[in-house]
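Let's take a walk through this model and look at how its parts sit against each other. Have the structure open as you read.

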Amino acid sequence: MLRWFARRLLLAIPVVWGVVTISFFMMHLAPGDPARTALGEKASNASVAALRHQWGLDQSMPLQYLNYLKQLVHGDLGTSVYYHAPITSLMAQRLPVTIILVVLSAILTMLISVPLASRSATHPNGIAAVAVRLFNAVVQGAPTFFIGAMLILFLGVRIAIFPAGGYPADIGGRAWALVLPALTIALGTVPIMVRGLRAAMIESYGSEYVAFARSKGLPERPIRYGYVLRNAGISGVSILGIQVGALASGALVIEQVFAIPGMGSMLMTGILNRDYALVQACTLVFGLLVVVVYLGTDLAYARLDPRARLS
Amino acid sequence: MTATDAAAIARTAITPPSRKSRVWAPAWMRRHNLQLWIGAGMLGLMVLAAIFAPLIAPHDPTTPDAAHALLPVSADHLFGTDNLGRDIFSRVVYGARSDLTIAIVAVVAPFVIGLAFGIVSGYFGGWFDSIMMRLADIVTAFPFFILVIALVFLMGNGALSIFIAITCVSWVAYARLVRGEAMVLRNKEFVAACQASGISTIGILVRHFVPNVVSQAIVYAMSDIVMNVGVIVTLSYLGLGITPPTPDWGSMMAGGQQFLAGGFYGMTLFPAGAVIWTSLALSFLGDGLTHQLRIDR
């Protein structure tokens with residue numbers, strides 16, 4: 001198991017390097033001078049030169065790259081022009097918010113998907129299955145921000161159970177404020193999860209161990225919870241892992257809709273204020289986050305399903 | 001009696017639920033492949049609206065008319081008017097023009113690039129394949145939207161940036177799909193027969209691999225267009241895509257959102273309906289094509 005994980009970790013190294021390199025080139029992909037764009041046409045040449053120096057743009061490309069790597073190793077993500085603060089300390093405030101939001105939406109995805117998938121796997125032509133189809137069809141087509149706006153309208157304004165946006169200071173208020181955003185992100189992932197889980201459950205129902213459990217007279221309930229759901233749950237975990245990118249993308253949009261001060265809204269602030277260093281750092285952290293989650297998913301998968309460790 | 005016997009007997013007694021049930025359609029629709037025709041019809045309507053927008057739209061989509069702001073649905077204004085007095089129906093129709101065009105055109109480059117890389121990667125394997133797949137891993141490590149938005153920001157707003165950004169990110173899915181297919185094909189007997197009869201490698205790849213893998217890629221392209229519509233609409237919603245005077249579903253919804261609480265739903269619901277209509281059409285079309293081309297997903 002340890003050897004298996006060490007191998008998996010080694011395989012992730014080139015991906016991490018690639019993510020870092022792509023984020024480095026972001027600053028250089030922009031047409032023109034990023035420092036000039038960031039400060040605007042009216043800025044004095046001296047202040048532009050100062051920013052160029054601060055961002056290291058006055059050095060040669062290989063040297064810039066080496067410095068970038070050196071800074072990253074020391075946990076230094078540069079300085080934000082817009083916030084006038086080191087990005088690492090901004091990240092320390094923003095990242096937990098987004099992580100909590102993504103975790104919460106992953107939990108909600110499972111809470112909604114498991115009963116839906118389980119019902120439509122056992123009753124493929126029942127009302128629930130038809131409802132799931134319709135729900136999937138509509139939700140999959142609807143943009144995330146539209147679902148968010150509708151949830152705000154119905155559960156935040158018409159029947160004001162949840163706050164329509166914002167992020168209060170107290171912990172209880174924060175938890176309450178995250179419910180609707182997390183639900184919005186979750187609804188975008190539910191169709192994929194329901195499909196995957198349902199297929200896994202149907203396959204599990206057709207397997208020999210279920211047939212054997214039936215033939216020895218086990219009732220349907222223990223079969224469903226003890227055998228089918230346990231096995232389908234393994235593929236549920238891996239779907240969730242693959243979908244983390246989609247959940248993070250959802251967080252980016254939904255933090256805008258609900259005015260949640262997370263990584264996504266920081267990235268948007270960086271974009272709208274032409275703060276290149278901030279955009280670069282946010283993209284990098286999002287990328288690294290996904291790599292870490294992929295690793296975690298593989299680990300969880302190997303733990304849940306011993307067969308995965310063999311290959 | 002062994003356990004396997006018992007299992008076999010139990011299996012004949014209890015038929016497991018059908019494995020082949022797809023998500024969308026009931027059985028009678030699948031039998032006649034109605035999904036294909038319904039999807040094609042729904043998409044066709046939208047494409048016609050986009051092409052003949054100037055003939056269909058009863059009003060100018062961009063000129064503000066303060067005297068007729070926020071009107072309800074009527075015969076003159078099928079979908080009502082927005083806060084600046086512009087006819088929402090006309091704007092939805094013109095929105096099809098800008099959004100659908102970009103969404104469909106933005107599929108072409110990733111399709112071609114992904115197909116080429118996927119075939120070469122799957123056929124040759126080796127170091128080229130390793131590099132390609134590592135590159136694919138790196139691109140997919142970034143959340144899709146975040147990479148696209150960052151790229152559009154770096155290259156500046158506008159349709160061209162959106163094309164390039166989408167191409168940079170979404171060729172990977174085609175390459176992975178096609179590579180898997182090509183790896184299976186590589187070991188087929190007809191390939192050995194082609195090699196034996198002296199057909200050049202390029203000839204084999206173009207004449208025999210492309211036709212064999214292209215239908216999978218086409219089916220995937222349908223859901224890829226849906227994703228592109230989502231990207232364009234979201235970019236415009238965030239103020240990074242198509243710039244406001246040009247009608248577009250995303251910016252229409254962004255503008256309508258603040259009027260929702262006041263009871264003016266039309267500004268948001270009609271463009272949202274157009275987005276959902278388009279993706280439903282493409283989903284039906286994709287499933288219908290899968291059925292028609294006999295691809296087992």
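Taken over C-alpha atoms, the centres of domain 1 and domain 2 of chain A lie 36 Å apart. The assignment for chain A, an automatic or database one, puts domain 1 at 21-87 and domain 2 at 97-310. A bit of housekeeping: this is a predicted model, where local features need pLDDT of at least 70, side-chain atom pairs count only at pLDDT 80 or more, and totals for chains, interfaces and linings use all residues. Residues are numbered from 1 along each chain as its sequence is written, chains are lettered from A and ligands numbered from 1 in the order written, and side-chain values use heavy atoms, with hydrogens and water left out.

So where do the domains meet? Counting contacts as heavy atoms within 4.5 Å, 18 residues of domain 1 of chain A touch 13 residues of domain 2 of chain A. The buried area (accessible area, 1.4 Å probe, that the two parts lose on being put together, summed over both) is about 1400 Å², with carbon and sulfur atoms giving 73% of it. On the domain 1 side, A:Tyr82, A:Tyr83 and A:Ile87 lose the most area to domain 2 of chain A, together 29% of what that side buries.

What about charge? Between the two domains of chain A there are 0 salt bridges, a salt bridge being a side-chain nitrogen of Lys or Arg within 4 Å of a carboxyl oxygen of Asp or Glu.
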